[in-house]
Amino acid sequence: MDAADEGELVRRVARGDRQAFDELYRRTAPWLEVRLRRRCADPDLVAEVLQDTYLAVWRAAGSFAGAQPRGSAVGWLWTIAAHRLVDAFRRRARKARVPQVQLTPSTAPAAEDEVMAARVGQELEQALLVLPPEVRAALRATVLDGLSAREASVLLGVPENTVKSRVRRARIALREALS
């Protein structure tokens, strides 16, 4: 088994050889985990992607084994892992965008907190009104509407870098006004 290269191991896995799969995993998992950790700092997510990758290898080894030898088995393995990592990042982003249901607070906020929140809200509102309209529009599009700089540039009809500089100017002005 030691003499077999990774391509041969994948072809054996395609035929259902469990020992070949174990050997492929033993040879490639440490290397693959290091590459995934370079792209993702969450060890739980890396472990999940690693598991999904090898599950996909077990299921799809026939697609590699039946293809013309255009690439290496290790390259094929990395491609699967990279796609699984991107999918995991997308799932995480979708979860983050789902609005959380706010439960009724068990304690009422302190009167001081309510007064301070109203005061900060008024100060923020005043600071926003001082901003030039085009700067305020860029800030609204990117922060309140959640658009990317590219999407905001299309919406506002200005170059993307102009949107970025306007948002930066707005944030600096707001920081100064509220400090």
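Student: At what angle do the axes of helix α2 and helix α4 cross, and within what distance do they come?

Tutor: The model is a predicted one. In it, the axes of α2 (residues 18–39) and α4 (residues 73–97) cross at roughly 40° and come within 11 Å.

Student: Why is α2 called oblique to α4?

Tutor: Angles under 35 degrees count as roughly parallel, and the roughly perpendicular range is 65 to 115. The crossing angle is roughly 40°, and α2 is therefore oblique to α4. The crossing of these two helices is right-handed.

Student: Which residues make the contact between α2 and α4?

Tutor: From α2 come T28, W31, L32, R35, L36 and R39, while α4 contributes V74, L77, W78, A81, L85 and F89. Sorted by class, this contact has nine nonpolar, one polar and two charged residues.

Student: What makes T28 a buried residue?

Tutor: The cut-off for buried is under 20% relative accessible area. T28 has 3% relative accessibility, so T28 counts as buried. T28 lies in helix α2, and, with neighbours within four places in sequence left aside, T28 is in contact with E6, Y54 and L77.

Student: Which residues join helix α1 to α4?

Tutor: Helix α1 (residues 6–14) packs against α4 at an angle of about 65°, with the axes 8 Å apart. The contact involves E6, G7 and V10 of α1 together with A73, V74 and W76 of α4. In this contact of α1 with α4, four residues are nonpolar, one is polar and one is charged.

Student: Let us turn to another pair. Why are α6 and α8 called roughly perpendicular?

Tutor: Helix α6 (residues 133–144) and helix α8 (residues 160–178) pack at an angle of about 100°, and their axes are 8 Å apart. The range that counts as roughly perpendicular is 65 to 115 degrees. The two helices are therefore roughly perpendicular to each other.

Student: Which residues make that contact of α6 with α8?

Tutor: On α6 they are E134, V135, A138, L139, T142 and V143; on α8 they are V163, R166, V167, R169, A170, R171 and L174. The contact of α6 with α8 comprises eight nonpolar, one polar and four charged residues.

Student: How do you know that the buried residues of α6 are on the same side of the helix?

Tutor: The buried residues of α6 are V135, A138, L139, A141 and T142. They cover an arc of only 165° around the axis, which places them on the same side of α6. P133 and L144 are exposed on the other side of α6. Just after α6, G146 takes a positive phi of about 70°.

Student: What makes T142 buried?

Tutor: T142, which lies in helix α6, has 18% relative accessibility and therefore counts as buried, the cut-off being under 20%. Apart from neighbours within four places in sequence, T142 is in contact with L147, S148, A152, V163 and V167.

Student: How many helices and strands does the protein chain have?

Tutor: The protein chain has eight helices and zero strands, and its pattern along the sequence is α-α-α-α-α-α-α-α. Of its 179 residues, 27% are buried. Among contacts between residues at least 6 apart in sequence, 56% join residues at least 24 apart.

Note on methods:
Residues numbered from 1 in each chain as written. Predicted model: local features only at pLDDT ≥ 70, side-chain atom pairs only at ≥ 80, totals over all residues. Heavy atoms only, no water. Axes fitted to C-alpha atoms, helices over the stretch in contact; angles between N-to-C directions. Helix = DSSP H or I, 4+ residues; strand = E, 2+ residues; numbered from the N terminus. Parallel < 35°, antiparallel > 145°, perpendicular 65-115°, else oblique. Contact = heavy atoms within 4.5 Å. Nonpolar A, V, L, I, M, F, W, Y, C, P; charged D, E, K, R; others polar. Buried < 20%, exposed > 50% of the residue type's maximum accessible area, 1.4 Å probe, protein only. Arc of directions from axis to C-beta. Left-handed = near helix turned anticlockwise from the far one by under 90°.
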